[in-house]
Amino acid sequence: MITISISPEVREHLATHFKQNLPGSKFNSASPEDLLEEAMRLFPETFREAKPDDDGRIRLSLTFPKEIGISNVVSVDKLTDDEKELIEIIDRNGKKVRSVKTDSIIPTHECQIILSHDWNLITMFPGAMAPPLPDSPDIHDDYWDNHVFIEPINK
């Protein structure tokens, strides 16, 4: 049986995806452990057959049969002209990121799990695979230059 460890530092980072008061994609699950348990139950072969990439990381991209959360990252191309004018730079866990306030919600069945070769959780998030955030908004990245975080507005 596979045991996945979660360090205090990773647990702090994961709060972004489990607490509603921080911008970013959100899981419907109460905790990382609950979601990992469900993932291992639904996709046992994926975990058993997982192998590290050249960089030593295990990357799992899973599509659950039910909605598991919301993806709060969207392509700038999918924003309305009015929304594009509202893009601002905010602080997200010590990193400056582009964000827009909108009432758009993007439900997702997708989950990304990244582990070290010895089964320590590095990160997990709902939605499509995305590269890590650049250290500064001044650093250009093809993906993040064309995507923004959504801060949902409740009507």
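The structure is a predicted model, in which local features require pLDDT of at least 70 and side-chain atom pairs count only at pLDDT 80 or more, while totals for chains, interfaces and linings use all residues. Residues are numbered from 1 along each chain as its sequence is written, and side-chain values use heavy atoms, with hydrogens and water left out.

**Overall architecture**

The chain contains 4 helices and 10 strands; these are DSSP runs numbered from the N terminus, with helices being H or I of at least four residues and strands being E of at least two. Read from the N terminus, the order of elements is α-β-α-α-β-β-β-α-β-β-β-β-β-β. The C-alpha trace spans about 50 × 35 × 25 Å along its principal axes. The radius of gyration, taken over C-alpha atoms, is compared with a globule rule of 2.2 Å times the number of residues to the power 0.38. For 155 residues a compact globule would have a value near 15 Å, and the 16 Å of the chain agrees with this.

Of the 155 residues, 44% are buried, where buried means under 20% relative accessible area, exposed over 50% and partly exposed in between (1.4 Å probe, protein chains only). Contact means heavy atoms within 4.5 Å. Among contacts with a separation of 6 or more, 63% join residues 24 or more positions apart.

The accessible surface comes to about 9200 Å², and carbon and sulfur atoms hold 49% of it; the areas come from the Shrake-Rupley method with a 1.4 Å probe.

| Residue | Relative accessible area |
|---|---|
| L60 | 5% |
| T108 | 6% |
| H17 | 5% |

L60 belongs to strand β2 (residues 57–63). Beyond residues up to four places away in sequence, L60 touches T46, F47, A50, C111, Q112, I113 and L115.

T108 is located in strand β7 (residues 107–108). Apart from neighbours within four places in sequence, the contacts of T108 are E67, I68, G69, I70, S71, P126 and G127.

Helix α1 (residues 8–18) has V10, L14, A15, T16, H17 and F18 as buried residues. These buried residues pack against β1 (26–27), α2 (32–42), β5 (88–92) and β9 (121–126). For H17, contacts beyond four places in sequence are S25, K26, F27, R92, M124, F125 and P126. By contrast, the C-alpha atoms of H17 and D53, 36 residues apart along the chain, are separated by 25 Å.

**Aromatic pairs**

The whole structure holds 4 aromatic pairs. In W144 and F149, the ring centres are 5.3 Å apart and the planes stand at 15 degrees, so this pair is stacked. Rings of Phe, Tyr and Trp (its six-membered ring) pair if their centres lie within 6.5 Å; planes under 30 degrees apart count as stacked, over 60 as edge-to-face and the rest as tilted. W144 and F149 are both buried, and together with Y143 they form one aromatic cluster.
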